[in-house]
Amino acid sequence: MKVARIFYLLFFVFLNVLCGCKQQVDTSNRSYFTFDLEDRKVVPLVQLNDSVAVKLLFDTGDGIGYKREFMTLDNDILSANPSLSRNHVLGTSLLRTAWNPSRYPAIFYDSIQLKLKLGRTEFVYSGICAIPYKKQMNSTVSDGVFNIPKSDTTHVWELNFENNYMEVHSADSYRFPKDCMLLPLEDSEYGPFFVTLPLKVCFSDQNTLTIHRKFFIDTGYARDIVLLLGAQEQDYLHQREDAVWLQDLDRYIRYYTVTGTLFDDLQLDSLRLYTLDYKNSVAHPYLIGLNFLKRFNVFFDMKNKRLGLQPIDNFQRLVNPLYCRFHYSTEKNKDGRFFVNCVGDYKENYYKTAGLQVGDEIVAIAGIPYDEITLEMGNQVRRLSVLDVDIVRDGKLQTLYVKVDHNEPTGD
């Protein structure tokens, strides 16, 4: 009897040890990342040519990188590691991002075999686009940009937002999680990162809107869902009065907080719809970004052209605390005078309340000529409780008194 008990005890010990071994996960192929809230990007550590460790932004929106299998690197990285480029200069050009109209110099290096290792998995890129990346993108986090190579037809790329890591799997042996939804990736001239989503949203007043569209997946863009110029739903959204207006470079962006329903049964709380109604270089009017994707573990199946979305429970919005509310914008004419071309149309806008209108020429604020206000001066002026804004309207000089709300919410 005692022998039998000892046997069963040893059997259960062995079984527990065996189960424990099965639960151990090989993490050596994972590249972990953390989020900088002022940057809000997926930036894993990678190895270039087995010797150079850099942190690169993973950006499916990088069309140049995908089309030509280039990666973008900061000039300083190449200066410190000249062997990466081998001086194979293809040419120079002036580039701009899809979101920023300003141009910056770029040098292209072609016909090279640049190896990138993500975890234990290696990929080969054929060229480099060298730019003043950190300065141009105002980034202290990443040294450049990479995308999934166009030639990759054998892997599943995992973006795990439950534990913040990237991992590349062999598509032949990989098994998706049971609760993972698989959707076709739709190819285009801009790459395979398009997916059709059946999305229904509900506003705080219980009005609903169905957005069953093809979306471009942009892992390099922080916001949830963006409807750009040309999106049919913009007319409806811009008639609503619950928009939050944010300063976006020298312009504005608006967002609406909604509850989303995906595939008729998956609830997405505190979802944000953003609208841009000015021109930029984004190739598609419907876009999903990082704060949408972070609600899932995301899988790019490059062999079978599928997107996998596995819902997770621990979604936390990435909020950049530096974003300010948009009040107004100006445009400089050929004579060097500044005219108001937009005033944020919401009741909390204290410039609108004070009477500022489109077409007003702003001459001075707090006694400082408008064209002499530096960024530092602007920050000091905003600390005042009341701003004297001198304008010219219909040829007459007048002063508006703007009562500043120092408790105005910030962040996005």
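Modeller: Let us start with strand E26 (361-365), which is mostly covered, as 4 of its 5 residues are buried. Buried means under 20% relative accessible area, exposed over 50%, and partly exposed in between, with a 1.4 Å probe and protein chains only. Helices (H or I, at least four residues) and strands (E, at least two) are DSSP runs, numbered from the N terminus.

This is a predicted model, in which local features need pLDDT of at least 70 and side-chain atom pairs count only at pLDDT 80 or more, while totals for chains, interfaces and linings use all residues. Residues are numbered from 1 along each chain as its sequence is written, and side-chain values use heavy atoms, with hydrogens and water left out.

Biologist: Which strands are joined to E26, and in which sense?

Modeller: Strands of a sheet pair through backbone hydrogen bonds, either parallel or antiparallel. Two strands pair if DSSP finds at least two bridges between them. E26 runs antiparallel to strand E28 (residues 386-393), with 4 bridges joining them; here Ile365 is opposite Val389. E26 also pairs with strand E27 (residues 368-369) in the antiparallel sense, over 2 bridges, and Ala364 has Pro369 as its bridge partner. The hairpin of E26 and E27 has 2 residues between the strands, and Ala366 takes a positive phi near 55 degrees there.

Biologist: Where is Asp360 placed, and is Asp360 buried or exposed?

Modeller: Asp360 lies in the loop between helix H7 (350-354) and strand E26. With a relative accessible area of 2%, Asp360 is buried. A polar atom of its side chain lies 2.9 Å from the backbone nitrogen of Gln357. Contact means heavy atoms within 4.5 Å. Leaving aside neighbours within four places in sequence, the contacts of Asp360 include Phe338, Val340, Ile391 and Arg393.

Biologist: What surrounds Leu118?

Modeller: Leu118 lies in strand E8 (residues 114-118) and is buried at 1% relative accessibility. Beyond neighbours within four places in sequence, Leu118 contacts residues including Asn29, Pro44, Trp157 and Met166. The C-alpha atoms of Leu118 and Leu48 are separated by 9.3 Å, although these residues are 70 apart along the chain.

Terms used. A polar contact is a pair of N or O atoms within 3.5 Å; within protein, one must be able to donate a hydrogen and the other to accept it, and residues adjacent in sequence count only if both atoms are side-chain atoms.
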